[in-house]
Amino acid sequence: MKSKGELQFDAVVIGGGIAGLQSALDLGDQGYKVAVVDKDATIGGKMIRLSKVFPTLDCASCITTPKMSSAAHHENITLFTYCSMDKLDRENPERVVVKLTQKPRYVDPDLCIGCRKCEYGCPVYVSDPEQGGFNMRKAVYIPFSNAIPQIALLDAENCSLCGKCARVCPTGAIDYFMKPEKFTIVAKTAILATGFELSPMDQKPQYGLGRLQNVVSSMQMERLLAPHGPYNRVLRPSDGKEPDSIAYVQCAGSRDKSLGIPYCSRVCCMYAIKQAMLLSGALPLADITIYYMDIRAFGKGYEQFYQNAKAMGIEFVKAKVAKITQGDEQTVKLRYEDQEGDGGVMEREHDLVILSLGIVPQWDPEGICNVSCGQDGFIQSSMPKIAPTVTDLEGVYTAGVAAGPKDIVDTITEAGAAAMEASNYLKGLGQAGQGQEETAEAEAGA
């Protein structure tokens with residue numbers, strides 16, 4: 001494998017999710033050389049792991065995969081996956097220095113052809129987080145079928161070092177002695193599109209501390225609903241039974257000062273409604289209930305989406321769920337305060353419960369980058385009303401959920417705005433993209 005050393009680009013995008021990919025494509029199409037850095041072994045971020053998007057119920061993979069492919073094959077975009085960022089410094093107006101460490105895959109990316117023979121030959125099975133932990137994968141694996149790049153990686157913590165993967169690899173790509181590689185990217189501008197994580201399942205003792213088998217997160221439900229999910233249909237994790245009664249608990253990890261997440265995550269209401277509608281199609285006889293404090297349907301077509309869900313028979317109960325415990329016959333018991341109807345404290349049992357967890361920042365810049373964050377931990381915009389992608393670090397911009405919770409439509413729009421800000425910054429430095437230079441020369445010649 002060749003050593004990277006110091007690499008020069010016009011722009012560097014931190015994060016290979018939908019926001020980072022959109023920004024990179026917009027800059028790449030203008031002729032700028034762009035580096036995309038991602039911590040995962042594949043680009044695509046959270047969106048490639050979703051089943052469908054709201055309110056159109058379009059296939060999430062059908063939207064994300066073409067952008068992933070476009071970025072991977074774009075002549076002006078270079079992908080760096082499985083990297084952690086050690087430092088991002090703005091040394092002067094024309095120089096952003098990003099120090100990175102690429103974690104070892106133990107598979108030479110220059111030799112791997114993505115044939116998966118190593119995966120088929122590996123005898124070790126471990127829990128697969130890509131499938132919500134419901135399924136198993138091998139110790140050497142490609143994350144999922146449409147991962148980009150299609151390069152295997154070896155899980156060193158679970159590998160038994162039996163050598164079978166090395167023996168079956170047709171190109172000799174397995175390298176058990178691979179070390180982390182440090183390298184530097186020097187660019188003129190940067191876009192931070194570092195995305196989000198869900199708040200932990202085990203943060204609330206009242207909700208079972210993540211120990212109740214039939215209480216799952218919204219991302220786990222996305223995998224259960226996906227056509228290439230762990231079971232290829234929706235089943236209860238504890239015993240494989242088709243659930244007859246399903247409940248969503250809203251604000252399970254947000255709007256809660258005791259958890260340090262006092263803000264609204266903005267998308268939980270709509271993705272719960274989306275999943276409930278998909279469940280209604282997958283399990284037509286199941287009773288589906290959403291326990292909510294407020295339904296926040298703020299986007300275009302969202303209110304109609306909510307009304308459609310009610311018309312489909314999905315039950316909405318205005319209530320704050322106080323406690324979740326194990327019920328009889330592997331059911332889950334909810335204890336809540338009913339805020340409508342007869343009121344008072346109520347209890348109901350469901351076969352399967354989904355927690356709509358809060359959205360928290362995926363990346364903390366402290367000690368790595370001097371960009372400012374708000375009290376909620378998200379990157380702070382210095383001009384939130386007129387230029388929300390501008391940060392207080394010159395030439396460094398932000399896009400997507402890195403700057404605060406938002407839906408996919410707003411994320412893509414903001415990614416385009418960040419690319420435009422970065423493009424204008426480069427033009428201000430006298431740096432035009434390749435296509436722009438050719439156009440200017442043609443106009444001058446005319």
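**Close-up views of a predicted model**

At 8% relative accessibility, Asp351 counts as buried (buried is under 20% relative accessible area, exposed over 50%, partly exposed in between, with a 1.4 Å probe and protein chains only). The model is predicted: local features need pLDDT of at least 70 and side-chain atom pairs pLDDT 80 or more, while totals for chains, interfaces and linings use all residues. Residues are numbered from 1 along each chain as its sequence is written, and side-chain values use heavy atoms, without hydrogens and water.

**View A. Asp351 and Lys241 form a salt bridge.** The closest N and O atoms are 3.5 Å apart (a salt bridge is a side-chain nitrogen of Lys or Arg within 4 Å of a carboxyl oxygen of Asp or Glu). Lys241 lies in the loop between helix 5 (218-225) and strand 15 (245-249), and Asp351 in the loop between strand 19 (344-350) and strand 20 (352-355), 110 residues apart. Helices (H or I, at least four residues) and strands (E, at least two) are DSSP runs, numbered from the N terminus. Lys241 is partly exposed, at 33% relative accessible area.

**View B. Arg49 and Glu130 meet in a salt bridge.** The N to O distance is 2.8 Å. Arg49 is in the loop between strand 3 and helix 2, and Glu130 in the loop between strand 7 (125-128) and strand 8 (135-138), 81 residues apart. Arg49 is buried, with a relative accessible area of 11%. The search of the whole structure finds 20 salt bridges.

**View C. Thr64 sits in helix 2 (residues 60-73).** Its relative accessible area is 0%, so Thr64 is buried. The Thr64 side chain reaches the backbone oxygen of Ala60 at 2.8 Å. Beyond its neighbours within four places in sequence, Thr64 is in contact with Gly44, Met47 and Ile48 (contact means heavy atoms within 4.5 Å).

**View D. Helix 1 (residues 18-29) has twelve residues.** Ten of the twelve are buried, so helix 1 is largely enclosed by the rest of the structure. Among the buried residues are Ile18, Leu21, Leu25 and Gly28. Elements that cover them include strand 2 (11-14), strand 12 (189-192) and helix 8 (408-428). After helix 1 comes Gly31, with a positive phi near 95 degrees.

How values were computed. Polar contact = N/O pair within 3.5 Å; in protein donor to acceptor, adjacent residues only side chain to side chain. Expected span 1.5 Å × (residues − 1).
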